[in-house]
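This briefing covers the structure shown below.

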Amino acid sequence: MRVVIDDVSKTYTDGRGRPVPALAGVSVTVEAEEFVALVGPSGCGKSTLLSIVAGLLAPSEGAIYIDGPADAPATTAMVFQEFALFPWRTVQRNVEFGLEERGVARAERSRRARRYIELTGLAGFEHRYPHELSGGMRQRVGIARALAVEPAVLLMDEPFSALDAQTRWLMQEELLAVWEQTRKTILYVTHNIQEAVYLADRVIVLSRRPGHVLADVPIELKRPRTEAMMGEPAFIHATERIWALIKTEAREALADLALRAPARPDTALP
Amino acid sequence: MTLRPVEDRTRFLRRRQHPLLRVAALGGLVLVWELTARTGWVPALFLPSPLGVLAEARDMAVSGELWTHLAASVQRLLLGFAVGGTLGVAVGVTVGFFSVAEAVGTPLIAATFPIPKIALLPLLILWLGLGEPSKIAVIALGVFFPMAINTYTGVRAADPVLVRAAVAFGARRLSVIRKVVLPSALPMIFAGLRLGAGTALLLLVAAEMIAVESGIGFLVLHAGNLMATTKLMVGIVVLSLLGIVSHWVLNRLERLAIPWRRA
């Protein structure tokens, strides 16, 4: 389903009551069945934006609109960087959680959970607890739990950044495979440019704090994506362009930080 | 230059189980006790021998006296635990989750928690009479505070990431409490139960020393008055066993209730 982020701003208040602008007038439209990645230097408010889309945070200004049937509220589902699985629930019961909260009957719940458990390659692990699984397996549960509610939009907040580099690549491949089958609308936050370009149809580059849209980079790579495409000029040009944008931003963000907290003379490098 | 092997320097930090030593320590205590009693250095009136205590316990078990007292005590303990535990968890969750309840509850708990519960026994007897309710109430009070405080701490410590995740998947207030906050607090709740068990035993004996005709506390006091030291020792051993058994039961219950905990 289509998601419209309409001129969203967010200002926090810090410990001393001073306003800290995090997002400044962000407008993004994600089309139905589109895979959009949000990248930006650390602390640019990309996770804040995702929380706002999920309804976990109120924007200071602007609004979010999600396409869907008129009689029911639009459903979003989130995949968290920290997995955020319930340690007291088995894989099956974790995947069923969102369905429980939506009042889906037990038999249907179990059937649907089973389907997404299989889709994410978790078959045989239904009765395990999260602590018995590896990081990669845990995030599969996170993805299955999100897909099970069959959301209008799937929100992914750096879902693989807690994984080691090898597992991360494998999980990206699997996410693409799952996406090919489900064709969900996805809004994907990452700080990894290659990951963004490899996965997405479009990469939105956010500026440093307060975040606003710097560029909207369409990725001209065919689907289904394969690893070989990472050598294609389209891939290289996109990553280089995005990196160039972010590099300046990240440098200036670092300089901002240095200004805010000047290094003490005894800890400064000679 | 010479090549020297690198030694494991942490060797002195290693801790071992020493299972035999554990058994020997307990056995040794009983043995020394038995020998001291046998040699007659200490008159049997002051220190009955372990074998004598065992024989007395058997006689009391056969006559049914032991079971009457034990049943009365266990019933008081369980009822006190049920009342104090339920109220403690309910108050702990409410105070931990709702900010209004926290503002009202925390100063009240802080003010009443330090009162030694035994001091309240005369007041409770005045209010509730000499019968069972006052005994159960004092045990419930002893269990209530550690349960309420631990539950509160557990609820406050619930991982905000999990609460957010639950809300992201459509959970409302009641669901968040039932499906996230309570299970997160379970380990703390069990720690509270364990603390409560110790206090409950203490209060049980104190309560059973006033105006009752049954219970292990009564047995100990009564036997002491009659200088029936062997009987008195039976009571003390039973109390110690009650403590051990309650600890064991709580451990088993905890393992059943928290199967997701890493072993």
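**Nonpolar core**

In this predicted model, the largest nonpolar core has 129 residues, and A:Leu155, A:Leu187, A:Tyr188, A:Ala200, A:Val203 and B:Ile139 touch the most other members. A nonpolar core is a set of buried Ala, Val, Leu, Ile, Met, Phe, Trp, Tyr and Cys residues joined through C-beta atoms within 7 Å. A residue is buried if 20 or more other C-beta atoms lie within 10 Å of its own, exposed if 12 or fewer, and partly exposed in between, with C-beta atoms placed from the backbone.

- B:Ile139 is in contact (C-beta atoms, placed from the backbone, within 7 Å) with B:Arg76, B:Leu77, B:Gly80, B:Gly84, B:Ala200, B:Leu203, B:Leu204 and B:Ala207, leaving aside neighbours within four places in sequence.

**Contact between chains A and B**

- Chain A gives 17 residues to the contact and chain B gives 14 residues.
- On the side of chain B that touches chain A, helix H7 (160–168) and helix H8 (173–207) each supply at least two residues; helices (H or I, at least four residues) and strands (E, at least two) are DSSP runs, numbered from the N terminus.
- The largest share of that side, six residues, comes from H7(B).
- That side of chain B divides into 10 nonpolar, two polar and two charged residues; Ala, Val, Leu, Ile, Met, Phe, Trp, Tyr, Cys and Pro count as nonpolar, Asp, Glu, Lys and Arg as charged, and the others, Gly among them, as polar.
- Within H7(B), the residues B:Leu162, B:Arg164, B:Ala165, B:Ala166 and B:Ala168 are buried.
- Their cover includes strand E5 (76–79) of chain A together with H8 of chain B.
- After H7(B) comes B:Gly170, with a positive phi near 95°.

**Helices H3 and H9 of chain B**

- The axes of helix H3 (residues 65–97) and helix H9 (residues 216–225) of chain B come within 7 Å and cross at roughly 130°; axes are lines fitted to C-alpha atoms, for helices over the stretch in contact, and angles run from 0 to 180 degrees between N-to-C directions.
- H3(B) is therefore oblique to H9(B); angles under 35 degrees count as roughly parallel, over 145 as roughly antiparallel, 65 to 115 as roughly perpendicular and the rest as oblique.
- B:His69, B:Leu70 and B:Ser73 of H3(B) make the contact with B:Ile216, B:Phe218 and B:Leu219 of H9(B).

**A:Gly121**

- A:Gly121 lies in the loop between helix H3 (106–119) and helix H4 (135–148) of chain A.
- A:Gly121 is partly exposed because 16 other C-beta atoms are within 10 Å.
- Not counting residues up to four places away in sequence, A:Gly121 touches A:Arg140 and A:Glu174.

**Conventions**

- Residues are numbered from 1 along each chain as its sequence is written, and chains are lettered from A and ligands numbered from 1 in the order in which they are written.
- Local features need pLDDT of at least 70, side-chain atom pairs count only at pLDDT 80 or more, and totals for chains, interfaces and linings use all residues.

Key:
Contact = placed C-beta atoms within 7 Å.
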